[in-house]
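Please look over the structure shown below before reading the briefing that follows it.

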Amino acid sequence: MRRLVAAGVEYLENAMPAAANQVKPIPQTGNAARLAIRGGVWTGPTAGLAPGYVQGNLAILPNALASDFMRFCQLNPKPCPLLAVGAPGDWRLPSLAEDLDIRTDVPRYRVFERGELIDEPRDIRNHWRDDLVVFALGCSFSFEDALVQDGIELRHITCDVTVPMYRTSIETTAAGPFHGPLVVSMRPMKPADAIRAIQITTRFPAVHGAPVHIGKPELIGIKDIGKPDYGDAVPVRDDEIPVFWACGVTPQSVVATIKPEFCITHYPGTMLITDRRNSEFAIM
């Protein structure tokens, strides 16, 4: 989608051929974004929606696995920063927003049975069960907002692609059946920007925090930085170094590995938008 400005208001041009000349106003608050998503007005990626508001990764599991998954998140806070956990069968997360329905307020979901993808619906009311527990996890969109405000270029945003992500040789700490490698996201930066990015993202431990590795991707098991496991490749210039952050795809990758009898996640790039502000998660 291409960003436009008209009469001082930002819009995104719809990339679908049938509506190439249509534009949609960008929701400026978490509540406005959820209402647009719930009403089917917004059905695409959530990057750029509700600037300054926290967006979250989503994992929904049967209650029988919930305590082990919560323990896994607690043992691996960098890739799995918990924002909120629901009660069994409860589709609300009032600590993140009063007017929130997890069944309808994400643009697109992925539904799995025993590790097999069975559906990618726009809402999950038909899949909802009374034993399901909702986990909302911190997302890199929050610290990216702080980096952009400081004037640091993020190459995947410049190139209008999804951030590149890689499975590493770094193992997470296991909890019950949950185990697997750490997944990282990469942003190329000049050394001075990398130092500043470390300083900025250290302030946001609830949304992945500081990088886990800088430079030499082979040291963490990445053989070819030009071939990410998820997302899109971006150019790394001669005067730049790759900077790697723990990624929220880690818990989804781990869940997929153990193949639970049922689980639901968000579709990549379509996140849960809350009423919490990114600034609330800054520690200094």
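At what angle do helix H3 and helix H5 pack, and how far apart are their axes? Helix H3 (residues 140-149) and helix H5 (residues 191-201) pack at about 130°, with their axes 10 Å apart. This is a predicted model, in which local features need pLDDT of at least 70 and side-chain atom pairs count only at pLDDT 80 or more, while totals for chains, interfaces and linings use all residues. Residues are numbered from 1 along each chain as its sequence is written, and side-chain values use heavy atoms, with hydrogens and water left out.

**Helix packing**
- The angle makes H3 oblique to H5, where under 35 degrees is roughly parallel, over 145 roughly antiparallel, 65 to 115 roughly perpendicular and the rest oblique.
- Phe-143, Ala-146 and Leu-147 of H3 meet Ala-197, Ile-200 and Thr-201 of H5, contact being heavy atoms within 4.5 Å.
- The residues of this contact of H3 with H5 comprise five nonpolar, one polar and no charged.

**Aromatic pair**
- Phe-69 and Phe-72 form a stacked aromatic pair, 6.4 Å centre to centre with 20° between the planes (ring centres within 6.5 Å; planes under 30 degrees apart stacked, over 60 edge-to-face, the rest tilted).
- Both Phe-69 and Phe-72 lie in helix H2 (residues 63-75), three residues apart, about one turn of the helix.

**Confidence**
- The chain averages a pLDDT of 89, on the predictor's per-residue confidence scale from 0 to 100.

How values were computed
Axes are lines fitted to C-alpha atoms, for helices over the stretch in contact, and angles run from 0 to 180 degrees between N-to-C directions. Helices (H or I, at least four residues) and strands (E, at least two) are DSSP runs, numbered from the N terminus. Ala, Val, Leu, Ile, Met, Phe, Trp, Tyr, Cys and Pro count as nonpolar, Asp, Glu, Lys and Arg as charged, and the others, Gly among them, as polar. Rings of Phe, Tyr and Trp (its six-membered ring) pair if their centres lie within 6.5 Å; planes under 30 degrees apart count as stacked, over 60 as edge-to-face and the rest as tilted.
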